[in-house]
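The following exercises concern a single protein chain. Please examine the sequence and the structure before reading the solutions.

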Amino acid sequence: MLSPILETQAVTRIYGGGGARVVALEGVTMTLARKEVLLIMGPSGSGKTTLLSIMGCILRPTAGRVIVNGKDVSELGEDALPDIRRQYFGFVFQAFNLFGSLTALENVEVVLRMKGVESRVAAAQAMALLERVSLAHRAHSYPRNLSGGEKQRTALARALAGEPPIVLADEPTANLDSRTGRDVLMLLRTLAEEAGKAVAIVSHDAKAQDAAHRVIVLEDGRVSS
Ligand SMILES: Nc1ncnc2c1ncn2[C@@H]1O[C@H](COP(=O)(O)OP(=O)(O)OP(=O)(O)O)[C@@H](O)[C@H]1O
Ligand SMILES: [Mg+2]
């Protein structure tokens, strides 16, 4: 296997304190390599979203290390994290919703603009990304007029803006019919195999196992297999 682009070492995450204290992750050590799709499974509340958020440097671990491309991110200050996120990660998170007042194309374009891409170039690149997820024909539609699968593909195009080497997706097939869900998963697999991305997916969907090269299962915040 290729050397990992991302690693967690003995990561623990505790939320709250006192009576509200929740140990969401405990001693999680895992790796993610380029060209692979890693599936993270486990029951509700087992820590999957927490792990993905820590992998993506959105959330900090209470203890343990996160290493991105050989760099120990846990040692960096809070103000260094946005740059790490921009440089390395594309997120397909339910919490990262599309902007309702922007078209599909503009939703992708705005991310490129934030990365400093000049406006005309950004428009062309955004269209190319929509083509990659087979959505160019809906480029000028607003999210409210897109189906669930089309919105998810727009979110995927947006996650790919700026060519991040790592793509993290939390329940990317939730609310999709079985066929559209399969298409989204196969697209993620293609991104790993053909574009060399490191892809981590959290999913309850049995179809995700077909798209994955490797599976880890969380139970009560620990890796069980
Ligand atoms: N911000 C928070 N504050 C306190 N507890 C939290 C917070 N976020 C998550 N938790 C708790 O941490 C545990 C793990 O949550 P997490 O969201 O990672 O689970 P999950 O595996 O993604 O679940 P699901 O499949 O339902 O999305 C749960 O017990 C949850 O209640
Ligand atoms: Mg979750």
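Two exercises with worked solutions follow.

The model is predicted, so local features need pLDDT of at least 70, side-chain atom pairs count only at pLDDT 80 or more, and totals for chains, interfaces and linings use all residues. Residues are numbered from 1 along each chain as its sequence is written, and side-chain values use heavy atoms, with hydrogens and water left out.

**Exercise 1.** Determine how the axes of helix α5 and helix α6 are arranged.

Step 1. Helix α5 covers residues 148–160 and helix α6 residues 178–195 (helices are DSSP runs of H or I, at least four residues). Their axes, lines fitted to C-alpha atoms over the stretch in contact, come within 10 Å and cross at roughly 15°.

Step 2. The two helices are therefore roughly parallel (angles under 35 degrees).

Step 3. In α5, G149, Q152, R153, L156 and L160 meet T180, V184, L187, L188 and L191 of α6 (contact means heavy atoms within 4.5 Å). By class, this contact has 6 nonpolar, 3 polar and 1 charged residues.

Methods. Chains lettered and ligands numbered in written order. Axes fitted to C-alpha atoms, helices over the stretch in contact; angles between N-to-C directions. Parallel < 35°, antiparallel > 145°, perpendicular 65-115°, else oblique. Nonpolar A, V, L, I, M, F, W, Y, C, P; charged D, E, K, R; others polar.
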